[in-house]
Amino acid sequence: MSNGTFLLMICGQIEYVETFTSAGTTWHCKYEFVSGTDWKIVGGLQSGVSQIVNVSSNDNKVILNLPIEVVYKSTNPHGWPQIVLSVYKGTNLQGYGRAYAPLQAGVHKLKVSTSAPLPSSLLGKVATLFGYQPELLQPAMLATTAGNNLIQMVSSGEASMALNVTFHGLQGLEYDMGKSFQN
């Protein structure tokens, strides 16, 4: 691309969530891409929600196979895209996860740790006895550093993603993205 821009194309899927689960439970997952101000989505979806999965066997894997496809256009790598996951058991949050889009072209398997926020007040701690689970109003805030050090989290599992990343126009801008670079 001769106008000083390049494209980042990501396609793949959120394959499964590995967590402690039991047969008869229902699960779903949400995702959202978060990026800097210079990045514009020119194709695909910024966010999505999976189908509801009914767990029929207790092997601690919730198979989602949630497809992901997005194309970004940018003039610089500042604010590189991240994907933020929200995993739910029924209507209760089980955890959030976040990962950067891979920096090299090719097929990538990502393991994303998930963690759930702990209540921050006495009232919130009492409410957990009645099934209340604290949630973030904007999970995309996890992709920034604003106030994240104030959130107490506890590990809740791991999500597995398979992503295929392709670039177009980086070589003309003289960015070096490593051995598996594609133009």
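Helices here are DSSP runs of H or I with at least four residues, strands are runs of E with at least two, and both are numbered from the N terminus.

View 1. The C-alpha atoms fill a box of roughly 60 × 35 × 25 Å, taken along the principal axes. Of the 183 residues, 40% are buried; buried means under 20% relative accessible area, exposed means over 50%, and partly exposed lies in between (1.4 Å probe, protein chains only). This is a predicted model, in which local features need pLDDT of at least 70 and side-chain atom pairs count only at pLDDT 80 or more, while totals for chains, interfaces and linings use all residues. Residues are numbered from 1 along each chain as its sequence is written, and side-chain values use heavy atoms, with hydrogens and water left out.

**View 2. The salt bridge between glutamate 15 and lysine 109.** The structure holds one salt bridge, defined as a side-chain nitrogen of Lys or Arg within 4 Å of a carboxyl oxygen of Asp or Glu. Glutamate 15 and lysine 109 form it, with their closest N and O atoms 2.9 Å apart. This pair links distant parts of the chain, 94 residues apart: glutamate 15 belongs to strand 1 (residues 6-18) and lysine 109 to strand 9 (residues 106-117). Glutamate 15 counts as buried because its relative accessible area is 14%, whereas lysine 109, at 60%, counts as exposed.

View 3. Isoleucine 10 sits in strand 1 and is buried, with a relative accessible area of 2%. Leucine 170 is found in the segment after strand 10 (153-168), and it is buried, with a relative accessible area of 2%. From leucine 170 to threonine 75 the distance is 9.5 Å, C-alpha to C-alpha, across 95 residues of sequence.

**View 4. Asparagine 65 and its positive phi.** Most residues other than glycine have a negative phi. Asparagine 65 has a phi near 50 degrees, a positive value in a residue other than glycine. Look for asparagine 65 in strand 6 (residues 61-74), where its relative accessibility of 41% makes it partly exposed.

**View 5. The largest pocket.** A pocket is an open set of points on a 1 Å grid over the protein atoms alone, with protein on both sides within 12 Å along at least five of seven lines; lining residues have an atom within 4 Å of a point. The largest pocket has a volume of about 190 Å³. Its lining has 13 residues, and Pro117, Leu118, Pro119, Ser120 and Pro134 lie nearest its centre. By class, eight lining residues are nonpolar, four are polar and one is charged.

**View 6. A nonpolar surface patch.** Leu122, Val126, Leu129 and Phe130 make a nonpolar surface patch of about 520 Å². Such a patch joins nonpolar side chains (Val, Leu, Ile, Met, Phe, Trp, Tyr) within 5 Å, from residues with over 30% relative accessible area and no salt bridge. Valine 126 is placed in helix 1 (residues 122-128) and is partly exposed, with a relative accessible area of 38%.

Conventions
On a 1 Å grid over the protein atoms alone, a cavity is a set of points where a 1.4 Å probe fits but cannot get out, and a pocket is an open set with protein on both sides within 12 Å along at least five of seven lines; lining residues have an atom within 4 Å of a point. Grid points are joined across faces, edges and corners, and a volume is the space filled by probe spheres set on the points. Ala, Val, Leu, Ile, Met, Phe, Trp, Tyr, Cys and Pro count as nonpolar, Asp, Glu, Lys and Arg as charged, and the others, Gly among them, as polar. Patches are made of residues with over 30% relative accessible area and no salt bridge: like charges are joined within 9 Å, nonpolar side chains (Val, Leu, Ile, Met, Phe, Trp, Tyr) within 5 Å. Accessible areas come from the Shrake-Rupley method with a 1.4 Å probe; for residues, only the protein chains shown count as cover.
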